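Dear colleague,

Please find the structure below, handed over for your files. My notes on what was found in it follow directly after.

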Amino acid sequence: FSADIIVRQIISRYNALNKIAPFDYNLTEFLRDDLGPLITPLIIKTKKKYKNSKIQFDYEIENKYRILSPSDFGFHNSIKNNNGELYFIDFEYFGWDDPAKLIGDFLLHPAMQEINFHLKEWKLFYNLILNLFEKDPTFADRLLINLPLLTMRWSLILLNEFLPNNWNRRVFSGEKKSKKIILNTQLKKARKYTRLVRWAINNDEKHYLS
């Protein structure tokens, strides 16, 4: 419910990966050279943006603005019937959430990145969302300011398979590809997200969605 909590999640995930990084050179290199150096600059810029928007960095949104969210939300977790209607499934992470985080995760989810949306479609979605949550006075600011934080968080989530327990879960779920191939693929995706974070640190978040 706050940017401070997202930062704590980032640091926690980063530390967990750092503990096992010595066993994988590629992971060590990524954390040391790509992601690690961006953490402090991103936090500093995010705090500055919050201050400029007159919102406290550790401000938790009021209960009336929180929503019940499926969390892992996107077309990858939907089924379309014969009439073209969409039914959303998979509520494993269902619970109360900040709508700005839900929308940010929807835009950034790796499965959504594989869909070739046109810019006009993203802008249409963005404007509809702003109208939907117009009664929440800080929604638009939270969404734009937190997008780079959520992007960094996703870059770390993509590396879950490097953690032994998470890899075992993937194998149990029926993964047939070799561990080396999967880890290289996930690391490649994480680098893409990290490039977005680096861009956001050096540019204006208002253009982040374009």
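In these notes, a residue is called buried under 20% relative accessible area, exposed over 50%, and partly exposed in between (1.4 Å probe, protein chains only). This is a predicted model, in which local features need pLDDT of at least 70 and side-chain atom pairs count only at pLDDT 80 or more, while totals for chains, interfaces and linings use all residues. Residues are numbered from 1 along each chain as its sequence is written, and side-chain values use heavy atoms, with hydrogens and water left out.

Aromatic pairs

The structure contains three aromatic pairs (rings of Phe, Tyr and Trp, the last by its six-membered ring, with centres within 6.5 Å; planes under 30 degrees apart are stacked, over 60 edge-to-face, the rest tilted). One of them joins Tyr50 and Phe57 edge-to-face, at 5.9 Å centre to centre and 85° between the planes. Both Tyr50 and Phe57 are buried. Another, between Phe106 and Phe125, is tilted, with 4.9 Å centre to centre and 35° between the planes. Because Phe106 belongs to helix α3 and Phe125 to helix α5, this pair ties together parts that are 19 residues apart in sequence (helices are DSSP runs of H or I, at least four residues, numbered from the N terminus). Phe106 is buried, at 6% relative accessible area, whereas Phe125 is partly exposed, at 21%.

Charges over rings

Here NZ of Lys or CZ of Arg must be within 6 Å of the ring centre and within 35 degrees of the ring normal. The charged end of Lys47 sits over the ring of Phe57, 5.3 Å from its centre. Arg66 lies over the face of Phe1, 3.7 Å from the ring centre.

Helix α5

The buried residues of α5 are Trp122, Tyr126 and Ile129. They lie on the same side of α5, because they cover an arc of only 65° around the axis (taken from the directions from the helix axis to the C-beta atoms). The face turned away from that buried side carries the exposed residues Lys120, Leu124 and Leu128. Among the elements covering the buried residues of α5 are α3 and α6, where contact means heavy atoms within 4.5 Å.

With kind regards

Notes
Helices (H or I, at least four residues) and strands (E, at least two) are DSSP runs, numbered from the N terminus.
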